[in-house]
Amino acid sequence: MKLGSHMSTSGGLFMAIQRGKRVDCEAVQVFVKSNMQWFGKMPTEEDVLRFSEEWKQSGIPHVFGHTGYLINVAAPDSEKRATSLKSLIQEIEIAAAYGLPFLVLHPGAHLGSGESAGIEQAVRGLDEVFTATTGCKVRIALENTAGQGSCLGHKLEHLGEIFSRSKHQDRLGVCLDTAHFFAAGYDIRTRAGWDDAIGAISDLVGPGNLLAFHINDSKTDLGSRVDRHSHIGEGKIGADAFRHVVGDTRFKDHPACLETPKSEDLVDDARNLMLLRSLCAAPVGPKASTSPGSRAAKRKG
Ligand SMILES: [Zn+2]
Ligand SMILES: [Zn+2]
């Protein structure tokens, strides 16, 4: 995997690239506007130019966005849901202006209306959003979730159903979060458990639509349905599991970002990335071949 981290855009979106460079990120995730507000400012030409130059110069292969936390496309019809759709449309427009390929989105919470009603709302809402942004290349990567409260997405089937019922599958994909897998009950600590989960989502949406990964350890137990990220190796998933995760050769060119606690000096990111890179020094193929050595030695980056 191309490893990196979620980076703050404080000071401008281009600053996220500078921060990413400081810890040798090969992937950077950003919020394209404040994640706790409905709407943000559209970027000026100058903002876009500054960002594009910084990105190009950095050599970082992957930069993508994560949508704001207020957006809930699975809610029953209400003013908030209508605002969610408008907010998502604006985020797509901002992402398009910056040339980002996709935005990660949580499928939303049904708020008591039930899973199937929530999924129906998500399908309809996303169709509306894609229609309103016709001609725009930015995709939405649905993220698997821990399944707190009435949040959808803890069952991979939820993502599969939204995907298969969408009228705009070319605009959809999936982002997989390791901590969310674990909290939702997918035991990815073993190679077999990881392969099962990947196999299941690949069958549901097609392997080509797995767009990105979030690499987090989990403070909470398997199946807890509680979403708390921890540093790699300091949670209940444990460092060893990340060997078959980040070393999975099927995803050697996929972006994979940390979403773990950090301070401004990025020492935590540096430490987590160093650990992950040491773990995936020996890549692991899709059908476990444990022979180390030659392939690992040839591998770069
Ligand atoms: Zn997320
Ligand atoms: Zn995540």
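What spacing do the donors of the zinc ion (ligand 1) follow along the chain? I looked this up before anything else. The donors run H-x39-H-x36-E. I am working from a predicted model.

**Entry 1: zinc ion (ligand 1)**

I listed the coordinating residues next. They are His-66 through NE2, His-106 through NE2 and Glu-143 through OE, at 2.1 Å. I then placed two of them in the fold. His-66 lies in strand β3 (residues 62-66), and Glu-143 lies in strand β5 (residues 139-143). The pair therefore ties together parts that are 77 residues apart in sequence.

**Entry 2: the pair of zinc ions**

I checked how the two metal sites relate. The zinc ion (ligand 1) and the zinc ion (ligand 2) are 3.5 Å apart. Glu-143 bridges them.

**Entry 3: zinc ion (ligand 2)**

Which residues are the protein donors here, at the zinc ion (ligand 2)? I found Glu-143 (OE), Asp-177 (OD), His-214 (ND1) and Glu-259 (OE). They lie 2.1 to 2.2 Å from the ion. I noted their spacing in sequence as E-x33-D-x36-H-x44-E.

I asked why the arrangement around the zinc ion (ligand 2) counts as irregular. The four donor atoms subtend angles of 86 to 172°, which makes it so. A tetrahedral label would need all angles between 85 and 135 degrees.

His-214 sits in strand β7 (residues 210-215). Glu-259 sits in the loop between β10 (255-258) and α9 (267-279). This pair ties together parts that are 45 residues apart in sequence.

**Entry 4: α1 with α2**

I turned to helix packing. Helix α1 (residues 13-22) packs on helix α2 (residues 45-58) at an angle of about 15°. Their axes are 8 Å apart. That angle makes α1 roughly parallel to α2. The crossing of α1 past α2 is left-handed.

I wrote down the contact residues. From α1 come Leu-13, Phe-14, Ile-17, Gln-18 and Lys-21. From α2 come Arg-50, Phe-51, Glu-54, Trp-55, Gln-57 and Ser-58. By class, the contact has five nonpolar, three polar and three charged residues.

**Entry 5: α5 with α7**

Helix α5 (residues 156-165) and helix α7 (residues 191-205) also gave an angle of about 15°. Here too I read the axes as 8 Å apart. That makes α5 roughly parallel to α7. Is the crossing of α5 past α7 left-handed or right-handed? I found it right-handed.

On the α5 side, Leu-156, Glu-157, Leu-159, Gly-160 and Phe-163 make the contact. They meet Ala-197, Ala-200, Ile-201, Leu-204 and Val-205 in α7. I sorted the contact of α5 with α7 by class: eight nonpolar, one polar and one charged.

**Entry 6: α3 with α4**

At what angle do the axes of helix α3 (residues 79-98) and helix α4 (residues 115-132) cross? I read roughly 40°, with the axes coming within 10 Å. That makes α3 oblique to α4. Angles under 35 degrees count as roughly parallel. α3 passes α4 in a right-handed crossing.

I recorded the contact from both sides. α3 supplies Arg-81, Leu-85, Leu-88, Ile-89 and Ile-92. α4 supplies Gln-121, Arg-124, Gly-125, Leu-126, Glu-128, Val-129 and Ala-132. The residues of the contact of α3 with α4 divide into seven nonpolar, two polar and three charged.

Terms used: Residues numbered from 1 in each chain as written. Chains lettered and ligands numbered in written order. Predicted model: local features only at pLDDT ≥ 70, side-chain atom pairs only at ≥ 80, totals over all residues. Heavy atoms only, no water. Axes fitted to C-alpha atoms, helices over the stretch in contact; angles between N-to-C directions. Helix = DSSP H or I, 4+ residues; strand = E, 2+ residues; numbered from the N terminus. Parallel < 35°, antiparallel > 145°, perpendicular 65-115°, else oblique. Left-handed = near helix turned anticlockwise from the far one by under 90°. Contact = heavy atoms within 4.5 Å. Nonpolar A, V, L, I, M, F, W, Y, C, P; charged D, E, K, R; others polar. Donors = N, O, S within 2.8 Å, 3.2 Å for Na, K, Ca; no water. Tetrahedral: all angles 85-135°; square planar, octahedral: opposite > 155°, others 65-115°.
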